[in-house]
Amino acid sequence: MVRLQDDFFEAINGDWEKTAVIPNDKPRTGGFSDLSDEIEQWLMTTTAKWQNGDMIPESPILKNFVAYHRLTIDTKTRDELGTSPVQPLIKKYQSYTSFADFASHIVELEKSGFPNALPLGVEPDFKDAQTNVLWAGALSILLPDTTYYEKDHAQGKILLAKFREEQESLLPHFGFSKSETTELIDQYLALDARAANVVLSQEENHEYAKLYHPYDWQQFTNLAPELPLNDILTELIGQKPDKIIVPEERFWAAADQFYSEKAWPLLKAYLIVTVANQFTSYLSDELRVLGGQYQRELTGLPEAMASQKAAVYLAAQPFNQAIGVYYAQDNFSPAAKIDVEHKVATMIDVFKQRLQSNQWLDDATRQKAIIKLNTIVPHIGYPEKLPERLYKKIVHPGMTLFDTATQFRQIEIAHTWAQWHQPVDRSEWHMPAHLVNAYYDPQQNQIVFPAAILQAPFYSLKQSSSANYGGIGAVIAHEISHAFDTNGASFDEYGSLNNWWTTADFAAFKLRTDKIVKQFDGLDSYGAKVNGKLTVSENVADLGGLAAALAAAKLDSDFSATAFFESWATIWRMKARPEYMRLLAASDPHGPAALRVNVQVKNFDEFFDAFDVRPDDKMWLASNDRVQIW
């Protein structure tokens, strides 16, 4: 039997793990996943009733969801149509005779919701978080991170071979001969390799403050002289923009490798392969399964999701916010909402007290931090209103699944481009209420807790106060801590990129966060190595969250350190496929679950006292190596 003092995570979760079974269509099971599976069962049961005409909701949005779901579950029609819905689109791309010809159709493709290899979008300005501006990203790469393309990366080679195998099975269904298929794959991978040489790595992409590179519009257009950017943007937003933010500077410095006549053969193949792959979910069931083969290799899934379940998720995508509100209203009680709101207020108050007693910040920085803390806006349960564009998603009789899905994409795309130079909508949530998750938005200085996560094992009115603080309390404080992690610390109370630190204080902050990097960097996760820099923001938030939640739990007369830490270990219990864990180590800013427990608890004196951990125990960490930040 594993001792708590040697491996806390394993001692708490080991018995559960022995009997836990990972579903064949899932990469993992555990605290978050078990709850997600329960909600999935709710979704399957509820939507089945609706399809049978039982208890169909009055909401016009959900009535259209029911109609759309009817299209996604019609496998007979989908199988009969095969690839025919996409064939005209492939012919369209094949008909482009040159890069200039293709470029003249980019706006048409964009407005229609079809691939066009132009990674431009509209997002809040880092320097003025109240206003939406133009951003320039880069082409997505096939492998999880740029590091996978290094010559000695064995897993990268295996995955590229798996992708080729998938495409050799898939592309012939679209009418391509064996030689055409081989050529398309070769050209696609050649362009993908070019992109991998110049796009940001996962580590770079998660250092938010370093992504802000504003360009004068004319300066930017000079980077891609063969791309008619003035014409494209004038059609999309009605005028030439004044500026653009370019986080992917290396990519755009190499724009001629992607947007030029000499690059056109590779780009054309890239677009055709993208079209064939992007829409398999809307085609026959055979094509849906074939089109997901590479992703299953990435995550180690033994089998594809069952067709009926896949149909529910496909139908839910355009209506997720409305489904989430329905779920929350049916499953999240007013009493729970009041209690969680109280816990959030308590967490913010505790965080404020900890800032006020902080010994390594000077008063100027401390007051700025408190101002930011006081202006955090919490959202609990579900949003007060749904986005207006959801009401536009209407299923018209006689339209096919593919055409209806295309219409829905067009609504979203039109909405996105209409936001240019408009005020940021701070009321819209970035995740639905039936998703087991939570987030902090540094550009809106908001924390959001969907109803789905506000239940056991994270939270229950039946659990002890200490257990709730070790669960949802630590999650709430984790999100608050994101306002002061290595990314959030660069944004002010308005969500704008603004250095509110003194030089000395930021140096002291970095000294502490570097210690967190060191605690995690290089640790093993199923044969992969944890990247301490990639995971530092989440690890800092975990540390701050645990510290604040522990302080709040101590305010209650029935405080139990054992219940608190055991709850923290329980919510992170996870049994996962090795392939999935290796994928996370390369691309996820969160650390592996076992390390989020074992590494973090060793930073707290209370843990050693509660479980009688001694210097000879494996969970021991010398007091001078323990780190506290907030």
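The count of aromatic pairs in this predicted model comes to 52, where rings of Phe, Tyr and Trp (its six-membered ring) pair if their centres lie within 6.5 Å, and planes under 30 degrees apart count as stacked, over 60 as edge-to-face and the rest as tilted. Two of these pairs are set out below.

| Pair | Geometry | Centre to centre | Angle between planes |
|---|---|---|---|
| Phe 319 and Phe 408 | edge-to-face | 5.5 Å | 85° |
| Trp 501 and Trp 630 | tilted | 6.2 Å | 50° |

Phe 319 lies in the loop between helix 17 (307-316) and helix 18 (320-331), whereas Phe 408 belongs to helix 21 (residues 401-418), and their pair links distant parts of the chain, 89 residues apart; helices here are DSSP runs of H or I with at least four residues, numbered from the N terminus. Both Phe 319 and Phe 408 are buried, that is, under 20% relative accessible area with a 1.4 Å probe and protein chains only.

Trp 501 sits in the loop between helix 22 (465-481) and helix 23 (503-520) and Trp 630 in the segment after helix 28 (605-610), so this pair ties together parts that are 129 residues apart in sequence. Trp 501 is buried, with a relative accessible area of 7%, and Trp 630 is buried as well, at 6%.

Ring pairs also link Phe 8, Phe 564, Phe 565, Phe 604, Phe 607, Phe 608, Phe 611 and Trp 620 into a cluster. Over the ring of Trp 620 sits the charged end of Arg 626, 5.1 Å from the ring centre, a placement that requires NZ of Lys or CZ of Arg within 6 Å of the ring centre and within 35 degrees of the ring normal. Lys 343 lies over the face of Tyr 469, at 5.2 Å from the ring centre.

Residues are numbered from 1 along each chain as its sequence is written, and side-chain values use heavy atoms, with hydrogens and water left out. Because the model is predicted, local features need pLDDT of at least 70 and side-chain atom pairs count only at pLDDT 80 or more, while totals for chains, interfaces and linings use all residues.

Notes. Helix = DSSP H or I, 4+ residues; strand = E, 2+ residues; numbered from the N terminus. Buried < 20%, exposed > 50% of the residue type's maximum accessible area, 1.4 Å probe, protein only.
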